[in-house]
Amino acid sequence: MRRYGKNPDEDDIRVRPNRKGNRPRTNIRPKHEDASEGFVLTVDRGRLHVLVEDRTIIAMKARELGRKGAVVGDRVAVVGDLSGAKDTLARIVRVEERSSVLRRTADDDDPYERVVVANADQLAIVTALADPEPRPRLIDRCLVAAYDAGLEPLLVLTKSDLASPDKLLESYGALGVPYVVTSREELTAGGAAERVRERLTDRVTAFVGHSGVGKTTLVNALVERQRATGHVNAVTGRGRHTTTSALALPLPGDTGWVIDTPGVRSFGLHHVDPSRVILAFPDLVPGTEDCPRACSHDEPDCALDQWVTDGHADPQRLYSLRRLLATRERREGD
């Protein structure tokens, strides 16, 4: 018995597509030459908030990007509805080449890299002088990540009304890292925020720090948009995660960008190439020419020892380099 009767030309016959599809397939993908430029502000459960000209739109990653994703700070090409109206959705069809990528791993044994931000110029490492206590190993790890990514580090010390910064600054003096010391009273009055803002002008700066150090409080003092802040647990001495996703915020007058990131309790360096860290020590780089092949710069035959002995560099600089390189072998808090 025929399924559709005797007449094969009946209008209600459903024609199934063949296995290869009804249209010929092609490997030629659209170039999207008419796509608009955008700047990724934040990522929320697969939806990206993108700044296009003077408006914020919601977009999703196009299938043609494959596994390549976009992160906060990325410059992207977007197509579709770019009006920014409610319930509209655009597509990100291209992620432009990145000038820098700040990465971290969950720990030193984890091979999976997590991209924190893209295209940043500067890394502001925010550390409280008390409540919670400073964690020098975490600072060292953030410095290594900054040097590896080609970012300029900035040390921001908060809560100076509770403890003196002198001891901590002494241990980083040989590195020549710029720093700003702030107090809670100064943040309320606005003076500290102004001194920090001077370091951020015409730059894209990512803020990282341990939970509870006052990072988001500082960011709120720098920008117009306010984010929720938390407190430090009196029992554990740890801060509570109130910032759950990275967010790019413009400085007043469009003089720069601040990227607030969630508080970190670890900063794995599995991805770091030790040979890139020494590039942050230009006074030591010439001394490596006579080093053995694949020298770790912390072994008996390292030529840097003789370079320093001959007076070409400060011994404290070599000590600081080796201390940073050793952070991959030391656990945070050791």
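Cys-302 is buried, with a relative accessible area of 4%, where buried means under 20% relative accessible area, exposed over 50% and partly exposed in between (1.4 Å probe, protein chains only). Keep in mind that this is a predicted model, in which local features need pLDDT of at least 70, side-chain atom pairs count only at pLDDT 80 or more, and totals for chains, interfaces and linings use all residues. Residues are numbered from 1 along each chain as its sequence is written, and side-chain values use heavy atoms, with hydrogens and water left out.

**Cysteines**

How many disulfides does the structure have? The count comes to 0, with a disulfide taken as a pair of cysteine sulfur atoms within 2.5 Å. The sulfur of Cys-295 has its closest cysteine sulfur in Cys-302, 3.9 Å away, which is too far for a bond. Cys-295 is also buried, at 12% relative accessibility. Cys-302 is in no disulfide either, and its nearest cysteine sulfur, that of Cys-291, is 3.9 Å away.

**Aromatic rings**

A pair of aromatic rings is described by the distance of the centres and the angle of the planes. Rings of Phe, Tyr and Trp (its six-membered ring) pair if their centres lie within 6.5 Å; planes under 30 degrees apart count as stacked, over 60 as edge-to-face and the rest as tilted. The structure holds 2 aromatic pairs, and here they are:

| Pair | Centre distance | Plane angle | Type |
|---|---|---|---|
| Phe-39 and Trp-257 | 4.8 Å | 50 degrees | tilted |
| Tyr-147 and Phe-281 | 6.1 Å | 65 degrees | edge-to-face |

Where does the pair of Phe-39 and Trp-257 sit? Phe-39 lies in strand S1 (residues 36-44) and Trp-257 in strand S13 (residues 257-260), so the pair ties together parts that are 218 residues apart in sequence. Helices (H or I, at least four residues) and strands (E, at least two) are DSSP runs, numbered from the N terminus. Both Phe-39 and Trp-257 are buried, and Phe-39 has a relative accessible area of 4%. Tyr-147 is buried, with a relative accessible area of 12%, and Phe-281 is buried, with 1%.

The charged end of Arg-323 sits over the ring of Tyr-172, 4.8 Å from its centre; the rule asks for NZ of Lys or CZ of Arg within 6 Å of the ring centre and within 35 degrees of the ring normal.

**The largest pocket**

About 560 Å³ of space lies in the largest pocket. On a 1 Å grid over the protein atoms alone, a pocket is an open set of points where a 1.4 Å probe fits, with protein on both sides within 12 Å along at least five of seven lines, and lining residues have an atom within 4 Å of a point. The lining holds 24 residues, and Val-71, Glu-113, Arg-114, Val-115 and Val-116 lie nearest the pocket centre. S1 and strand S7 (114-118) are the elements that give two or more residues to this lining, and S7 gives the largest share, 3 residues. By class, the lining has 12 nonpolar, 6 polar and 6 charged residues.

**A covered helix**

Helix H5 (residues 215-222) is mostly covered, with 6 of its 8 residues buried. Those buried residues are Lys-215, Thr-216, Leu-218, Val-219, Asn-220 and Leu-222.

Terms used
Grid points are joined across faces, edges and corners, and a volume is the space filled by probe spheres set on the points. Ala, Val, Leu, Ile, Met, Phe, Trp, Tyr, Cys and Pro count as nonpolar, Asp, Glu, Lys and Arg as charged, and the others, Gly among them, as polar.
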